[in-house]
Amino acid sequence: MKYILVTGGVISGIGKGIIASSIGTILKSCGLRVTAIKIDPYINIDAGTFSPYEHGEVFVLNDGGEVDLDLGNYERFLDISLYKDNNITTGKIYQHVINKERHGDYLGKTVQVVPHITDAVQEWVMNQAKVPVDDDRKEPQICIQSLFQLGGTIGDIEGMPFVEAFRQFQFKAKRDNFCNIHVSLVPQPNATGEQKTKPTQNSVRALRGLGLSPDLIVCRSAKPIEMAVKEKISMFCHVEPEQVIFIHDVSSTYRVPILLEEQGIIKYFKQRLNLPIDDQPSDLLMKWKKMADRYERLLKVCSIALVGKYTKLSDCYASVFKALEHSALAINHKLDLMYIDSIDLERSTEVENPVKYHQAWQKLCKADGILVPGGFGIRGTEGKLQAISWARTKKKPFLGVCLGMQLAVVEFARNCLNWKDANSTEFDPDTKNPVVIDMPEHNPGDMGGTMRLGKRRTVFKTQNSVLRKLYGNEMFVEERHRHRYEVNPELICSFEEKGLKFVGHDTEGNRMEIIELENHPYFVGVQFHPEFSSRPMKPSPPYLGLLLAATGTLSAYLQRGCKLSP
């Protein structure tokens, strides 16, 4: 087993996850089996109880793990399926060690950070690195660990046990099996226009002081870095010039693996880790290059309005954005995603801030399609209901995901069944028409890890379903879930009589999973989260359907047997 450790310096959020994913993509293109582990030093057991404004969206895995969004990057880039143990947190490690201590596994010894916590980290990494993540179920050959300190930089107190664990681990694994990549920032102040190397020098010095020496320094910058800067970093950071890699801001993340490959990273890994690979990449990387080139040449635009409550930070809907982007690319369109705060569509905003209200509605009206993603809490729900009503009555293509589907049912009940007080028990526990109800077995009191989580099977009830055709006429699909509420199964007949069809349900037939509205170009709701399974070269069918309907090509696509035109 070969281990690649990715550390970060200077600031957080400079793309360490994308770089780790891109390195994995390059190594996979060389015929190697690759897995990935993300290390977060927060004390939370997992990311499930975070507000999206803390660390971005909560990504859900097949086994129900609620993890950091970077595991989503790993899955999308590498086309693998990870597990909850691929996300290590301080909380998980300490819980593991404390449980062992309570069990008496330490035989009366004093339990300390060194060696017990550090040993637990190393043991966890070595065990999880062997778990198959590809469809062929073979053991991986390369494990990429992304060590993110809280705030994303080396030197923070929360991450010290992990740094110490890997300082020890590099000797346990041996030099030929362990490589450290340090990602740093090269800022360029507007006042001088000069690219500054001092932050990178200080970051590398701090890393060395903790016992880890970088084999590669990946420098992030806004613009391409000059050769003189590369030589300066090489000289002051004690590495060869070819060990300094530059990644400047690019039009799409698909370009990052290409930039890394152009700077000789395959040849370096082959020598440094003694890998049995060719110097040249395979067809997989060529496909990435063609995809990146095609992305940059797109001329036609499709606009989608995303109506949500976490619109101030794009990372809150990272997987939704990626799923839309994958689908837009598949049909040769550039995505114009317009974020609309659902509160801005509500009547209260019209009174308090008329300008913001009219701007939000102007965006919604000019969009080619409307998407209402998942979420929790009552804030902004009336605005989402307004957007759904607009999509239904004006026959605008619409996709509702999780809460978006539940609200589509609420909107239909209020305006088509004339149940004016219809609501979800999440928002009004005493409503006389509870069209969305909670699932008691998935809500035992604790908030963390108590929802209906992970990959579940959805069975199609009918042949006459748009989504079934988009999924290739399969009898069932398996998608990832994350919800605590469901559509009330006792009221289904009332909806279907009026044209809102429940075309998919769970294996027992009790939980409603998919809705489709009759006599509408594309009005679809799904209880699951299809965005978590979308891949750059395999777009998610519900999102692809939305983009096809928004560009007026869905009917032609279905008539061709769900094949894209050349």
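Author: Strand 19 and strand 20 form a hairpin with 6 residues between them. In the turn, glycine 509 has a positive phi of about 80°. This is a predicted model: local features need pLDDT of at least 70, side-chain atom pairs count only at pLDDT 80 or more, and totals for chains, interfaces and linings use all residues. Residues are numbered from 1 along each chain as its sequence is written, and side-chain values use heavy atoms, with hydrogens and water left out.

Reader: What counts as a strand here?

Author: A DSSP run of E, at least two residues; helices are runs of H or I, at least four, and both are numbered from the N terminus.

Reader: In what sense do strand 19 and strand 20 pair?

Author: Antiparallel, over 5 bridges. Pairing takes at least two DSSP bridges between two strands. Phenylalanine 502 stands opposite isoleucine 515 in strand 20.

Reader: Which residue in strand 19 is the bridge partner of phenylalanine 460?

Author: Glycine 504. Strand 16 (residues 452-460) and strand 19 also pair in the antiparallel sense, over 2 bridges.

Reader: How many residues of strand 19 are buried?

Author: 5 of its 6. Buried means under 20% relative accessible area, exposed over 50%, partly exposed in between (1.4 Å probe, protein chains only).

Reader: New topic. How many residues of helix 1 are buried?

Author: 13 of the 14, so helix 1 is largely enclosed by the rest of the structure. Glycine 31 follows helix 1, with a positive phi near 95°.

Reader: And tyrosine 94, where is that?

Author: In helix 4. Tyrosine 94 counts as partly exposed because its relative accessibility is 32%.
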